[in-house]
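Biologist: Please take a close look at a single part of this model. I would like one connected account of it and its surroundings.

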Amino acid sequence: MRARRTGRDSHLSREFDGVFGQETIERFLHTSYDQFAGRSTIPNFLPHIAERFTRQRLRALAKVEGHSIDGSKPVVLFLCVHNVGRSQMAMGFFQHLAGDGAVARSAGSEPGFEVNPSPIAAMSERSIDISREFAKPWTDEIVRAADVVVSMGCGDTCPVFPGERYLDWTLDYPAGKTVADVRPIRDGIERRVRGLLDDLGVPTQH
């Protein structure tokens, strides 16, 4: 199934004017749409999700190709298996703490359908909303654009590219756990994220 023209490619064309041509934008939008078409639980959200994912991919590709959309900000990619718990919490903390000082992305080697409710509830206790996030796969350009790739249990399925900096965080899997069970995982992620930001020289906002 291909994405219908709904004006989303026009939005992206204006955003990336002078960086990418219409053919590249449409190709990324179509392939992004196809990534989610077979597993989306809410089909009406597909165009919106495809546009968001396309924007992330194009910003990543821009960095790989030497464009300065994100300037010199460090980019961190959090990878886990399903991208519905640990990596989403890590990205939430990173964005919350770094503000505009860095860029965080997340992905899964076998992306699930939606973020698990217990991590969402646990993060809301810290006033961080990850309920609007969605599970997504890693792509070559997203991995290559990262200054640091943090693996959270995806093991041999995590992509490895020469020259990338990789970290391996051993954390319990939050699927099926209560909010009380997820809190220690959440707190462990926060400690690691704060340490990573300090290592990158990015001041924390909170």
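**A buried arginine and its setting**

Modeller: Arg86 is buried yet forms no salt bridge. Its nearest side chain of opposite charge, Asp172, is 7.4 Å away. Buried means under 20% relative accessible area, exposed over 50%, and partly exposed in between (1.4 Å probe, protein chains only). A salt bridge is a side-chain nitrogen of Lys or Arg within 4 Å of a carboxyl oxygen of Asp or Glu. Lys and Arg count as positive and Asp and Glu as negative; His and the chain ends are not counted.

The model is predicted: local features need pLDDT of at least 70, side-chain atom pairs count only at pLDDT 80 or more, and totals for chains, interfaces and linings use all residues. Residues are numbered from 1 along each chain as its sequence is written, and side-chain values use heavy atoms, with hydrogens and water left out.

Arg86 belongs to helix α4 (residues 86–98). Helices (H or I, at least four residues) and strands (E, at least two) are DSSP runs, numbered from the N terminus. Leaving aside residues up to four places away in sequence, Arg86 touches several residues, including Cys80, Met152, Asp172 and Ile189. Contact means heavy atoms within 4.5 Å.

Now the sheet. Four strands form an open sheet in the order β2-β1-β3-β4, with parallel pairing. Strands β2 (103–108) and β4 (165–168) stand at the edges with a single partner each, so one side of each lacks a neighbour in the sheet. The twist averages 20 degrees from one strand to the next. Two strands pair if DSSP finds at least two bridges between them. Six bridges join β1 (residues 75–80) to β2. Leu79 stands opposite Ala107 in β2.

Helix α7 (residues 179–200) lies across β1, β3 (148–151) and β4, at about 150 degrees to β1. Axes are lines fitted to C-alpha atoms, for helices over the stretch in contact, and angles run from 0 to 180 degrees between N-to-C directions.

Other arginines do pair. The side chains of Arg105 and Asp70 meet in a salt bridge (3.8 Å, N to O). Arg105 lies in strand β2 and Asp70 in the loop between α3 and β1, 35 residues apart. Both Arg105 and Asp70 are buried. Arg186 and Glu125 also form a salt bridge (2.9 Å, N to O). Arg186 is buried at 5% relative accessibility, while Glu125 is partly exposed at 40%. Salt bridges that share partners join Glu125, Arg126, Arg183, Arg186, Asp187, Glu190 and Arg194 into one network.
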